[in-house]
Amino acid sequence: MDISVVIPLYNEDESLTELYEWIARVMDENHFSYEVIFVNDGSTDRSWEVISELSRNSQNVRGIKFRRNYGKSPALYCGFKEAQGDVVITMDADLQDSPEEIPALYNMITKDGYDLVSGYKQKRYDPISKTIPTKLFNATARKISGIKNLHDFNCGLKAYRRDVVKNIEVYGEMHRYIPYLAKNAGFDKIGEKVVHHQARKYGSSKFMGLNRFVNGYLDLLTLWFLSTFGKKPMHVFGFLGSIMFFIGFLAVVILGADKLYCLANGIPQRLITSSPWFYISLTTMLIGTQLFLAGFLGDLISRSSSNRNDYQIEETI
């Protein structure tokens, strides 16, 4: 099979029929063999009834229905698990992503040798409350991930080589960072294509609000830490703990030496415990010890983890 199109959705019953007919027309014009996998993320409208009807009328339609709303990342994970195409395309169900982009994305994977191609919506039809945070978020993501050529990490329109989606785990709300996940799994041929962004035709966006912006940064920090120190926590906690303990210990030694010097020369001196620097030094030593122990415990947990030796093997002979 040439292409699997994975479409996560939540309450998008008005657009599904039009979207599938558009996808089918593009596929037939380009003679692709394909499947469309709709992942219904706990919709409360008629989305599942529409998907069921489409499936009865076309053997190319498959559907996955969640019992409740889990989120976009679990929906993508389940869609990726079921995908059978050589190239996997993801797009949103709101008709803002154009299926006309599919042939070019397919060629970039199969002919140009990319592992992943992410869409870039240069001209957006989103409100300013969404576009400005998106620009700030993408700038931070480029800096932390090291993927300098991507301008829109969170674009729903992406194309993947099948090996990519079978070897990454999209969980929580990590769908924003799939290029970063792919890079960490060894798929570093990541490209970008400028795509057309259309104004929403039905309903309103399901992904608005400040929590989306804040959670995006928290997830990015989590992914950065896990990818950098996930299997060697002692390297960061042990280092920071050692530095803090050394600074605190050095400060205590200086305070003690100053006290001994004053006593030896008969210089009046307050008790060491009456100096705030003594407690600052002691606190620094305690924090350093705690950080060191946190790194030690993290190492023990990492060594006992079931996926501690989970390495992506591209090929065996």
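Buried is under 20% relative accessible area, exposed is over 50%, and partly exposed is in between (1.4 Å probe, protein chains only).

**Ground rules**

I'm working from a predicted model, where local features need pLDDT of at least 70, side-chain atom pairs count only at pLDDT 80 or more, and totals for chains, interfaces and linings use all residues. Residues are numbered from 1 along each chain as its sequence is written, and side-chain values use heavy atoms, with hydrogens and water left out.

**Overall look**

I counted 10 helices and 7 strands. Helices (H or I, at least four residues) and strands (E, at least two) are DSSP runs, numbered from the N terminus. The protein has 317 residues, and 43% of them count as buried. I took contact to mean heavy atoms within 4.5 Å. Of the contacts between residues at least 6 apart in sequence, 79% join residues at least 24 apart.

My search of the whole structure gave 8 salt bridges. Arg-62 pairs with Glu-35, the closest N and O atoms being 2.9 Å apart. Arg-62 sits in strand β3 (residues 61–65) and Glu-35 in strand β2, so this pair ties together parts 27 residues apart in sequence. Arg-62 is partly exposed at 27% relative accessible area, whereas Glu-35 is buried at 4%. I also noted a network of salt bridges linking Glu-35, Arg-62 and Glu-82.

Next I checked Arg-162, which forms a salt bridge with Asp-86, the closest N and O atoms being 3.8 Å apart. Arg-162 is in helix α6 (residues 162–166) and Asp-86 in the loop between α3 and β4, so the pair ties together parts 76 residues apart in sequence. Arg-162 is partly exposed at 33%, and Asp-86 is partly exposed at 38%.

How many residues of strand β1 (residues 3–9) are buried? I got 7 of the 7, so β1 is largely enclosed by the rest of the structure. Ile-3, Val-5, Ile-7 and Leu-9 point one way from β1, while Ser-4, Val-6 and Pro-8 point the other way. β1 runs parallel to strand β2 (residues 34–40), joined to it by 7 bridges. Strands pair if DSSP finds at least two bridges between them. Leu-9 stands opposite Asn-40 in β2.

In helix α4 (residues 102–110), I listed Ile-102, Pro-103, Leu-105, Tyr-106, Met-108 and Ile-109 as buried. The buried residues of α4 pack against several elements, including β1, α1 (13–29) and β5 (116–120).

I looked at His-196 in the loop between β7 (190–194) and α8 (210–229). His-196 is partly exposed at 42% relative accessible area. Not counting residues up to four places away in sequence, His-196 touches Gln-96, Ser-98 and Glu-101.

I found 0 disulfides, taking a disulfide as a pair of cysteine sulfur atoms within 2.5 Å. Cys-78 is partly exposed at 24%, and Cys-155 is buried at 3%.

Definitions and conventions. Salt bridge = Lys/Arg side-chain N within 4 Å of Asp/Glu carboxyl O.
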